[in-house]
Structures are given as C-alpha cells and as structure tokens.
Amino acid sequence: TGSPVSHTQAVTVIANSGALADAASTALMAAGPERWPAVARALGIQEVLRIDSIGNIQVSASLHARLRLTPETLSHHSIQIVTL
C-alpha cells in the first residue's frame, strides 16, 4: 500500500554484511509480529531485535545473549526471547 507499518517501531539486525542487515531489517519490519521469525530463518539471520508498536521487545536468543539491558529497560518493557 505504501503506508508505513503500525505494528513495529524498530528492527535491528546483525549480519555479516551491511547490505544483508539493511535488506533483512526492512523485510522483518514488513513481515510483522507473527511472521518475522520465519522470514529471519529463511534469510539465514540469527540476531534480531524487534520493538513493537507499544514498546515490547522481541529478541532472538543469540542476540539476547550479547545484550546488557539496563534495570530501567527491564522494568519498563516486556522482553520476549525468540528461538530462530
């Protein structure tokens, strides 16, 4: 439709190349809350962080292991760890 998505505020992807990370983050942003894990698997992406429209955080297990979340973040946001 050309309209911006309303279900996702942000997606961060760590990949071996900037071009892949950029393309994957766009695809995962468009995929939405139910489909992004399958899209990440199809693209071979293992490290993803997604923030939904109300600030809840979904993060892949491999990226979660690398994160150091502040107590403030943990107290204000729901964190869901997703296995890819």
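**Figure 1. The salt bridge between Arg66 and Glu47.** In this predicted model, Arg66 and Glu47 form a salt bridge in which the closest N and O atoms are 2.8 Å apart. The pair links distant parts of the chain, since Arg66 belongs to the loop between helix H2 (61-64) and helix H3 (71-76), while Glu47 belongs to strand E2 (residues 47-52), 19 residues apart. The structure holds one salt bridge, and its two members sit in contrasting surroundings: Arg66 is exposed, with a relative accessible area of 54%, whereas Glu47 has 13% relative accessibility and therefore counts as buried, the cut-off being under 20%.

**Figure 2. The four-stranded sheet.** Four strands make up an open sheet in the order E1-E2-E3-E4, and their pairing is mixed. Strand E1 (8-14) and strand E4 (79-82) stand at the edges, and because each has a single partner strand, one side of each is left without a neighbour in the sheet. From one strand to the next, the twist averages 15°.

**Figure 3. The pairing of strands E2 and E3.** Strand E2 and strand E3 (residues 57-60) run in the antiparallel sense where they pair, and three bridges join them.

Figure 4. Helix H1 lies across E1, E2, E3 and E4, and its direction makes an angle of about 115° with E1. Ser25 is found in this helix, which covers residues 18-43. Is Ser25 buried or exposed? With a relative accessibility of 15%, Ser25 counts as buried, because the limit for that class is under 20%. When its neighbours within four places in sequence are left aside, the contacts of Ser25 are with Val11 and Val13.

**Figure 5. The whole chain, for orientation.** The protein chain has three helices and four strands, which follow one another along the sequence in the pattern β-α-β-β-α-α-β. Its C-alpha atoms fill a box of roughly 35 × 30 × 20 Å along the principal axes, and the radius of gyration is 12 Å, which agrees with the value near 12 Å that a compact globule of 84 residues would have. Of the contacts with a separation of 6 or more, 41% are between residues 24 or more positions apart. Buried residues make up 32% of the 84 residues, and the chain exposes about 5100 Å², of which carbon and sulfur atoms supply 54%.

Methods:
Residues numbered from 1 in each chain as written. Predicted model: local features only at pLDDT ≥ 70, side-chain atom pairs only at ≥ 80, totals over all residues. Heavy atoms only, no water. Salt bridge = Lys/Arg side-chain N within 4 Å of Asp/Glu carboxyl O. Helix = DSSP H or I, 4+ residues; strand = E, 2+ residues; numbered from the N terminus. Buried < 20%, exposed > 50% of the residue type's maximum accessible area, 1.4 Å probe, protein only. Contact = heavy atoms within 4.5 Å. Pairing = 2+ DSSP bridges. Axes fitted to C-alpha atoms, helices over the stretch in contact; angles between N-to-C directions. Rg over C-alpha atoms; globule rule 2.2 N^0.38 Å. Areas by Shrake-Rupley, 256 points an atom, 1.4 Å probe, with all protein chains shown as cover.
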